[in-house]
Amino acid sequence: MDGNGVLAKEREEEVMIQEQLIAKTRKKEKLSMIIPFFGIIFITVFFAIVTKGNTLSPSNLNNIMNQSFSIIIVAVGAVFVYSHGGMDMSVGAVQGLSSVVVASLILQGAIPGWMVLPVSILVGTVTGFTTGAIHVTIGVPAFVVSLCMRYIATGITRTATSAKDLYIPYNDFSFWNKGMIKLVVLLLVIGIGYIAFKYTRVGKYLKAIGGNKITAGQSGINVKKYTVLAYMILGSTVGLVSFFSLTRTGVVSSSTGQGFELDILTAIVLGGFPLSGGAKSKISSAILGAITVAILTNGLILWGADPNIINGIKGVLFLIIVYLSYERRKGEVVS
Amino acid sequence: MKKFKKSIALLLGLIMVIGSLAACSSADNGSKDSNEGNKGGFDVVTNEDSIYPAASELDPYSVGVLLWGYTDQLGGSVKSNLEYLGKEFNVNFSFVEALTMEEYISGTENLIQRGVDGILSLLILPSMIEKAEEAGVYLQCILNESTDPDTLKLIAESEYVTGMVTENDYECGVAMVDDLYDRGMRNIVWIAPEAGMAANHDNRVRGIEDAIEKHDDLNVLANYRGTEQAEALQSFAATYPEMDGIIVTGGAGGGTESIYQVMQSEGLNGQAVLATIDIGEGTGEKLESGELGWIAGGQFPTTGIAFAVLYNAMVGTPINDTPEKTIYRPFMVLQSKDNYDNYMKFVEGSIPPYTGDEIKALIKKFNPEASLELVNEYGDNYSIDDVVSRHKDLFD
């Protein structure tokens, strides 16, 4: 074999190795798309088997939709905040505040019925704007500002409900509590959120800010403006959820919204969403996480698990699901 | 990758095994034969002369329970008491934790989906009533009540809400003040969680305030509403050396213990007397030393009475025509170490304060004399002496 022949053979081997690497990368990519669904498919199948199909009955699917409705909607809003590396710990408190404002206005007859939903969204948006604006103007970390906002909102809610819980006329708003209405709203929010996050400059800029804030600024992105906008989007979803939650419970108490921010954080992390933000942020991750939480809680109750160890089981399952995401992204769930 | 998949499969398998055990432990309705306290479960009292049918002769029912939790003293006792009644009535209980209103509604949906015949719940909300109506599931409020006029209207119109049974928190507040007053205390302070946090504490505070109004010569030095209760008492002790009475509206979860500690550290022993709610660790010792003059507790048997009202409806012999009217029961009051010793033996001991036969006597299907009046009679008589006199023979 002459020199040319050796070279040709070496090139052939190089091409083969390259092809193998490409095939391996593609396989990995495909796998990375499938793995996030693995956890949810597994628990769905598992609970369907142990409850003899009860979890998959139409009425229970309606239950799961009702129970994951709030988390999914706010998780969609939270994607805009977390994708740029932000964090908002005031979500639950703002839900309480929004509900208090709306319920008070209803009880005083201060607003007509059709204005209740817009006012609720407005309250959420304004608080989101306040959090974002203080964060970018004074330079205080968003986490700290949102904690302060949490205390302020909780204080207002507790003061307003200290004498008695605020009951709204349940039947006047029960129309909004119907499964079909909620499904339409849910699909609309997911659809709008998906388009805004994937195809508009809002989502693209926020991911760029999450990737590298300084570079994003130097590239001409108005970092402050889009950061505030992200908190406003999250706030608007919280306001929307406050309204639907109020029509579901019919009452506002000091516990309204309590712990909701942790539910959102759990959904985000469970879905494998990188808390550091950046280009790998996906809206589907947050939605998957929210649905997983609802299916797991619902399934364990339908299965008849002991309440004292339900949290333990949940914790271990969450750990496994996060581990799957972690493996997939080599440490990028949390930077 | 294969190793990865294997380890995941192994882990998930492990979880499912744990879960299966969890499910089994929940579904297990077999009787226990150990003589443990109520945290470990009550013993079934076998009465061969019983005039009521045994559990094996009764149709099986399934009942869901929605409560804040089952690991604290009250929650644990409620669970043990209901599990005991489950063995006596052939009823399978499904216990679900719920903290927020949203969780109570979700819990109701999930329990209905599980196929329960009835639900015992701490909260009763319009949407829960609506779901119970749609599913034909009976709903009974336990250890709480609704005061919202719209909700009460829904309850009154509902075919499936069986009622609300709870302790009379207002009267308890009144009794705490009256007891300290009768002991000669004239300079008191009172402490409670912040307004709006818990309706039962708010009702106790209303009772305290109204009782204080009755006594012109009773001087309220200060009051505090919030979570820093021990710190508040510390400040009161430093500011008001004349303080001779302390009222705390309850401290389940360790709150009362911190009050005892402050009383000791601030030298209040022998100077001030405490009146409070929620019997727990240290109660006997403090009653003996005189630092604690009055303590109320023993709420968990109320859930047995609520179960009787629910069971009557489930078997087709409802006894409550006015579910919108709360059935109030008194707290059990302890004022001496003897009271406490009897409480530990006859209430928190191996036999619950109401045996299966005593609850069966409230079921119209088994006892034609059963009525709401009889339920109220049980409540009117409820005291430590009542339980001792009824169950003395069972311990001999």
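Two strands pair if DSSP finds at least two bridges between them. Helices (H or I, at least four residues) and strands (E, at least two) are DSSP runs, numbered from the N terminus. This is a predicted model, in which local features need pLDDT of at least 70, side-chain atom pairs count only at pLDDT 80 or more, and totals for chains, interfaces and linings use all residues. Residues are numbered from 1 along each chain as its sequence is written, chains are lettered from A and ligands numbered from 1 in the order in which they are written, and side-chain values use heavy atoms, leaving out hydrogens and water.

**A sheet in chain B**

Six strands of chain B form an open sheet with mixed pairing, in the order β7-β6-β8-β9-β10-β12. β7 (219–225) and β12 (332–334) of chain B are the edges; each has a single partner strand, so one side of each lacks a neighbour in the sheet. Inside the sheet, β8 (residues 245–248) and β9 (residues 273–277) of chain B run parallel, joined by four bridges. Gly245(B) sits opposite Val273(B) of β9(B).

**Cysteines**

A disulfide is a pair of cysteine sulfur atoms within 2.5 Å. Over all chains, the count is zero.

| Cysteine | Closest cysteine sulfur | Distance | Relative accessible area |
|---|---|---|---|
| Cys141(B) | Cys172(B) | 18 Å | 1% |
| Cys172(B) | Cys141(B) | 18 Å | 5% |

How values were computed:
Buried means under 20% relative accessible area, exposed over 50%, partly exposed in between (1.4 Å probe, protein chains only).
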